[in-house]
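Biologist: I would like to learn how to read a model of a two-chain complex. Can we go through it feature by feature?

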Amino acid sequence: MDFLAELLIAALIVFGGVFGLVGSYGLAKLPDLMTRLHGPTKATTLGVGSVLMASMVFILWDKGTLSVHELLVTIFLLLTAPITANFIAKSFLHRQANPETDLPPTGTECGWASFDVPPDSDDDEPNSLTIPRRNKG
Amino acid sequence: MITYALFFGFSCFAVGLLLNLFRLAKGPTVADRVLALDTMVINGIAILILYGIAKGTTVYFEAALLFAMVGFISTVAYCRFILRGDIIE
């Protein structure tokens, strides 16, 4: 039983370490911000969640008490990662001097959100202004 | 076995922090730097938790929770600031 618990804890820590490293490597390596967002928001969050699970199993095995704090931190990180990613992407998109030419390609026919209309939409105008609002005063 | 796994985990997240620091210094846009700072907070939480496992204590969980909250709030505040020039309008 001890061996199994140690194996589980060690495996979770190694799993988390590999994913954390992959996420940070992606942040340093990928070419532009929209692709760079993928590393931290997905891989690093999964890695930290795995380390927190390892800590939970460790406390359960070592002290015999179930600790819920880690679960709280994990849920909080999983909830906030997409929100921060969306905020960073929005601030990146709207800080371009010339959104027509400066933004990286989307890889699809449609342009970036809030600059272009989705193909199957009924609206004929984007949701927000094409000109970033900071230019208006 | 846990000791070696902890060594591995510590080195992974430490190298990750260095890579984030590289992105923080290089930029090129402000959004890149905010993203790098956010990732540094997340890696810091991981290192804090690993340190708690290494010491066998539970006192670092509250610190980790505070780190997570402050990191999220600061990232959102920074993004709003560079987007709108104001945090609470």
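Biologist: Which residues of chain B does the UniProt annotation "transmembrane region" cover?

Modeller: This is a predicted model, so the annotation comes from a record and the geometry from the predictor. For chain B, the unreviewed UniProt entry gives residues 6-22, 34-54 and 60-83.

Biologist: How much helix is there over residues 6-22 and how far apart are the end C-alpha atoms?

Modeller: Residues 6-22 of chain B are 100% helix and 0% strand, with 24 Å between the end C-alpha atoms. Residues 60-83 of chain B are also 100% helix and 0% strand. Their end C-alpha atoms are 34 Å apart.

Biologist: Where does UniProt place the "transmembrane region" feature in chain A?

Modeller: The unreviewed entry puts it at residues 6-28, 40-61 and 67-89 of chain A. Residues 6-28 are 100% helix and 0% strand, and their end C-alpha atoms lie 33 Å apart. Residues 40-61 are 100% helix and 0% strand too, with an end-to-end C-alpha distance of 30 Å.

Biologist: Now confidence. What is the mean pLDDT of chain A?

Modeller: Chain A has a mean pLDDT of 83, and 88% of its residues reach 70 or more. Chain B averages 91, and 100% of its residues score at least 70. For the complex, the predictor gives an ipTM of 0.88 and a pTM of 0.85.

Biologist: Which elements of chain A have the lowest and the highest mean pLDDT?

Modeller: Helix α5 of chain A, residues 99-102, has the lowest at 74. Helix α1 of chain A, residues 2-29, has the highest at 93.

Biologist: Where in chain A does pLDDT stay under 50?

Modeller: First the general rule. Low pLDDT means that the predicted coordinates should not be read in detail. In chain A, the stretch is residues 130-137. The model has 5 contacts beyond four places in sequence for that stretch.

Biologist: Next, helix packing. At what angle do α1(B) and α2(B) pack?

Modeller: Two numbers describe a packed pair: the angle between the axes and the distance between them. For α1(B) and α2(B), the angle is about 160 degrees and the axes are 9 Å apart. The two helices are therefore roughly antiparallel. Their crossing is left-handed.

Biologist: Which residues of α1(B) meet α2(B)?

Modeller: Among them are B:Leu6, B:Phe10, B:Phe13, B:Asn20 and B:Arg23. On the α2(B) side, the list includes B:Asp32, B:Arg33, B:Met40, B:Asn43 and B:Ile47. The residues of this contact divide into 13 nonpolar, 5 polar and 3 charged.

Biologist: How far apart are the axes of α2(B) and α3(B)?

Modeller: Those axes are 9 Å apart, at an angle of about 175 degrees. So α2(B) and α3(B) are roughly antiparallel. The contact includes B:Val34, B:Asp38, B:Leu48 and B:Tyr51 of α2(B), and B:Tyr60, B:Phe67, B:Thr75 and B:Cys79 of α3(B). It divides into 17 nonpolar, 4 polar and 1 charged.

Biologist: Now the interface. How many residues does the contact take from each chain?

Modeller: It takes 44 residues from chain B and 47 from chain A. On the side of chain B that touches chain A, α1 (2-26), α2 (30-55) and α3 (60-84) each supply at least two residues. The largest share, 16 residues, comes from α2(B). By type, that side of chain B divides into 30 nonpolar, 11 polar and 3 charged residues.

Biologist: At what angle do α3(A) and α2(B) pack?

Modeller: Helix α3 of chain A, residues 38-62, packs on α2(B) at about 15 degrees, with the axes 9 Å apart. That is why α3(A) counts as roughly parallel to α2(B). The crossing of α3(A) and α2(B) is left-handed.

Biologist: Which residues of α3(A) and α2(B) make that contact?

Modeller: From α3(A), they include A:Pro40, A:Thr44, A:Val48, A:Leu52 and A:Phe58. From α2(B), they include B:Leu35, B:Thr39, B:Ile42, B:Ile49 and B:Ile53. The residues of the contact of α3(A) with α2(B) divide into 13 nonpolar, 7 polar and 1 charged.

Terms used:
Residues numbered from 1 in each chain as written. Chains lettered and ligands numbered in written order. Predicted model: local features only at pLDDT ≥ 70, side-chain atom pairs only at ≥ 80, totals over all residues. Contact = placed C-beta atoms within 7 Å. Helix = DSSP H or I, 4+ residues; strand = E, 2+ residues; numbered from the N terminus. Nonpolar A, V, L, I, M, F, W, Y, C, P; charged D, E, K, R; others polar. UniProt positions renumbered as here; feature names shortened; annotations may be inferred. pLDDT = per-residue confidence, 0-100. Axes fitted to C-alpha atoms, helices over the stretch in contact; angles between N-to-C directions. Parallel < 35°, antiparallel > 145°, perpendicular 65-115°, else oblique. Left-handed = near helix turned anticlockwise from the far one by under 90°.
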